[in-house]
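Morning, everyone. I have one model to show you. Here it is on screen.

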Amino acid sequence: MKERMDWTDIARYFYLPDERLQAISRDFSADIDRALAGEAGATVSAEKSYASLPEGDETGVFLALDFGGTNVRASRIRLLGRHCYIIEKKVSRPLKVAGEYDYLSSSTTAVELFDFLARLVGKVARRGQSYRLGHAFSFALERTGIEDGRLLAWSKEIAVSGVEGENVNALLKAALVRQGLCDIEPVALVNDTTALLLSASYTMDKVRVGMVCGTGFNACYYEPEWKMIVNLEAGDYNGVTGHHWDEAVDAGSSQPGLHKLEKMMSGAYASELFRQTLLTYFGVQELPPFTTEAMNAILRSEDDQQGRLTMGKLWNRIVRLEDVRPVRHIGASIFVRSAQLVGAVGCGILHHLYKERPIPNQTIAIDGSVLKYVRGALVMMEDAMQACQNEGPGREKQISGDPILIQDGVSVGAAIAAAMSIR
């Protein structure tokens, strides 16, 4: 048996005080500057998306494919112009179903994965009609235009063979041909944050920043000097020091040492981080792994007796009734830190954009399961942004960025990217 630790001593590690958030925000802003200048010390990227902001008059029917995490979505979307759209059809499938298939592992080939994606696209297309398709693909790319890009490396624990180093939309086009969908042309490749920002800008004014915190974490913004949206690959930022639980999660991941911020805050790693803290809290050497969905279900439950039974079944151990609420508090503190870090990154981007000038009121487009489904996450994000827009302990300056969840933003943004490719 390991020595147990009081839950309050664990939870306090995950709460970031104002001064810490302010320091992270300042350094993230400086890291963007370093990335734009091409300096070797930058840990975020300044990747060109080759997508400007939409004009709002884009019209037509387009297909969208959203491949960013453990679920893939295909949609048929009608853009009406004047900030309006209709999602005519949408389907979603997980990339892994236990006992049926696994399109995440290294034993899966590129052909198998992209045939799966093509079949999904076929479910929303009307046979005999031609379509332009926008693909939201949320992994690091090397690119020279909006049409396609070469995958540099997988993340989020995906390890499918034969994709790294290849042009993603070329693989998708070949799969569409194999599935008899020759009239569908992939014409735009953007990541999820870029697609989110395109969607928000299509429907609202004064939107310059997009952030997604779901399976992974990333952020983008419109860079006026480049006249396009810049992808930051923000999950790679390493300016936040974690603790030994974070180090254990990183060591057990498929890419130790990489995507450090993402591992501290995103859904793909939250349950493992929770498991590591529970090893300390219960004073045990081992607990079975579990999903982030199971973690969130535990946190959302308000019935202590039912929670005790759920935890006991999940972890194959007797959980005392007096441990139920402390366990929930520990899990909640992990999501609190996630939301705080999203807020600090958002303010860091605003500080980069406006430097010493006053930050004008604007909307920040957000999406992702951590922000969408975790109770209280948006409140904590806004609180962190409030802290970061001040220096020191005072909070005289009011928040100038209004975080708004954009429904279906990634899929709609992918369709908008396809429409913009006509210009």
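Ground rules. This is a predicted model, where local features need pLDDT of at least 70, side-chain atom pairs count only at pLDDT 80 or more, and totals for chains, interfaces and linings use all residues. Residues are numbered from 1 along each chain as its sequence is written, and side-chain values use heavy atoms, with hydrogens and water left out.

Start with S75. It sits in strand β3, residues 71-81; strands are DSSP E runs of at least two residues, helices H or I runs of at least four, numbered from the N terminus. Buried or exposed, S75? Buried, at 0% relative accessible area. Buried means under 20%, exposed over 50%, partly exposed in between, with a 1.4 Å probe and protein chains only. Beyond four places in sequence, S75 touches F62, L63, A64, K89, K90, V124 and S411, contact being heavy atoms within 4.5 Å.

Next, helix α5, residues 192-203. Its 12 residues reach 17 Å from first C-alpha to last, close to the 16 Å expected at 1.5 Å a residue. That expectation is 1.5 Å times one less than the residue count. Of those 12 residues, 11 are buried, so α5 is largely enclosed by the rest of the structure. Among the buried ones are D192, L197 and Y202.
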